[in-house]
Amino acid sequence: MKAIVYHKYGSPDVLKLEEIQKPTPRDDEVLIKVHAASANAADWHILRGKPFLVRLMGIGLLKPKNKILGADIAGRIEAVGRNVKQFQPGDEVFGDISDCGWGGFAEYVCVSEDALVLKPASMTFEEATAVPLAAVTALQGLRDKGQIQPGQKVLINGASGGVGTFAVQIAKSFGAEVTGVCSTSKLDMVRSIGADQVIDYTQEDFTKNGQRYDLILAANGYHSIWDYKRALRPKGIYVAAGGSMAQIFQAMLLGPWISMTGSKKMGNFITKPNKKDLVFMKELLEAGKVVPVIDRRYPLSEVAEALRYLEEGHARGKVVITM
Ligand SMILES: NC(=O)c1ccc[n+]([C@@H]2O[C@H](COP(=O)([O-])OP(=O)(O)OC[C@H]3O[C@@H](n4cnc5c(N)ncnc54)[C@H](OP(=O)(O)O)[C@@H]3O)[C@@H](O)[C@H]2O)c1
């Protein structure tokens with residue numbers, strides 16, 4: 001089978017299209033013919049092994065442990081191991097396989113059945129693969145860390161990216177009043193997916209305009225944690241999912257202390273693939289409450305190009321890899 005393989009940490013230049021052996025499922029695994037994968041910021045962080053801290057998360061200290069990147073997949077099950085209970089050959093599935101050794105940038109992959117959910121019949125493979133990692137990050141950030149409630153004023157910084165486009169729609173589905181922050185050319189798109197207000201960060205600093213929010217999800221960009229604190233209402237919650245390293249580290253190091261000493265809660269989190277959460281997302285997708293926003297599609301042979309584009313930090317929704 002064809003796969004995009006890398007043997008050492010580095011830029012997208014180290015990614016090579018190789019012919020490798022098609023895997024065989026273990027007893028508790030399924031073999032999937034991948035029809036589409038999607039790229040996430042995690043792919044280019046792990047490709048580069050940067051920040052160095054990510055290497056301490058089991059991906060390999062000096063060289064990559066998993067030779068094929070790609071967390072999000074959608075495809076058709078081709079074979080099942082003898083202990084597999086939930087699926088059979090022919091089933092169309094999607095999921096985040098980052099807990100099962102990655103490997104989505106390939107024609108086939110073997111993963112645990114627990115990472116997978118049946119694909120909504122109404123969605124294409126390309127639409128489905130755009131969902132798992134980014135949408136579950138947005139869901140866990142808003143619902144679990146952010147304790148989102150109907151009627152709350154919620155702000156999403158980085159509303160136009162992979163995580164942000166899901167966050168806007170998920171927050172709306174919880175009945176929040178949503179403000180999305182993005183740059184000029186993406187204002188219309190963020191409005192079109194349901195944001196009640198949009199703020200163009202090239203024209204206005206939302207931390208200085210006097211507005212206050214019950215919940216802020218930072219998917220991208222940078223503001224100091226003190227700016228975010230000022231933009232929160234009393235008892236407000238700030239959740240840092242991503243953005244600049246300074247933004248993440250401030251939330252990680254100062255957030256717990258700010259949370260202990262005042263009424264506002266601030267912190268960061270790392271998403272965990274979770275089947276129940278993906279089923280929750282599937283229901284939102286089937287109800288039409290969430291629709292993936294797909295920016296560009298690249299063939300498998302151009303994964304390096306896809307990651308170069310994503311790393312520039314200005315994707316409009318998700319970047320999808322087609323097989
Ligand atoms: N905590 C976790 O477990 C977890 C999980 C997934 C992702 N992440 C992190 O979350 C972040 C976002 O991921 P993603 O998939 O959404 O990335 P992405 O798709 O690459 O984000 C691109 C978007 O970010 C926007 N953006 C760039 N600079 C901005 C700024 N200064 N202010 C506001 N928006 C800005 C861009 O909009 P413009 O072009 O308009 O600037 C673009 O639409 C990344 O840092 C990623 O590493 C964390």
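**A chat about the model**

Modeller: Helices (H or I, at least four residues) and strands (E, at least two) are DSSP runs, numbered from the N terminus. This is a predicted model, where local features need pLDDT of at least 70 and side-chain atom pairs count only at pLDDT 80 or more, while totals for chains, interfaces and linings use all residues. Residues are numbered from 1 along each chain as its sequence is written, and side-chain values use heavy atoms, with hydrogens and water left out.

Colleague: Is the peptide bond from Lys50 to Pro51 cis or trans?

Modeller: The Lys50 to Pro51 bond is cis, with omega near -5°. Trp102 is another one to look at: its phi is positive, about 60°, although it is not a glycine. Most residues other than glycine have a negative phi, and most peptide bonds are trans.

Colleague: Where is Trp102 found?

Modeller: Trp102 sits in the loop between strand S5 (92-96) and strand S6 (108-112).

Colleague: Switching to the ligand, how many residues surround the ligand?

Modeller: There are 26, and the closest are Ser160, Ser183, Lys186, Tyr201 and Ala315. A residue is near if one of its heavy atoms lies within 4 Å of the molecule. By class, this shell has 10 nonpolar, 15 polar and one charged residues. Here Ala, Val, Leu, Ile, Met, Phe, Trp, Tyr, Cys and Pro count as nonpolar, Asp, Glu, Lys and Arg as charged, and the others, Gly among them, as polar.

Colleague: Which polar side-chain atom lies 2.3 Å from an oxygen atom of the ligand?

Modeller: That one belongs to Lys186. An N or O atom in the Ser183 side chain is 2.4 Å from a ligand oxygen, and a polar backbone atom of Gly243 is 3.0 Å from an oxygen atom of the ligand. For a polar contact, the pair of N or O atoms must be within 3.5 Å; within protein, one must be able to donate a hydrogen and the other to accept it, and residues adjacent in sequence count only if both atoms are side-chain atoms.

Colleague: And the packing: at what angle do H1 and helix H10 (residues 303-311) pack?

Modeller: About 105°, with the axes of H1 and H10 9 Å apart. Axes are lines fitted to C-alpha atoms, for helices over the stretch in contact, and angles run from 0 to 180 degrees between N-to-C directions. So H1 is roughly perpendicular to H10, a label for 65 to 115 degrees.

Colleague: Which residues in H1 meet H10?

Modeller: Ala41, Asp43, Trp44, Leu47 and Arg48 meet Leu307, Leu310 and Glu311 of H10, where contact means heavy atoms within 4.5 Å.

Terms used: Angles under 35 degrees count as roughly parallel, over 145 as roughly antiparallel, 65 to 115 as roughly perpendicular and the rest as oblique.
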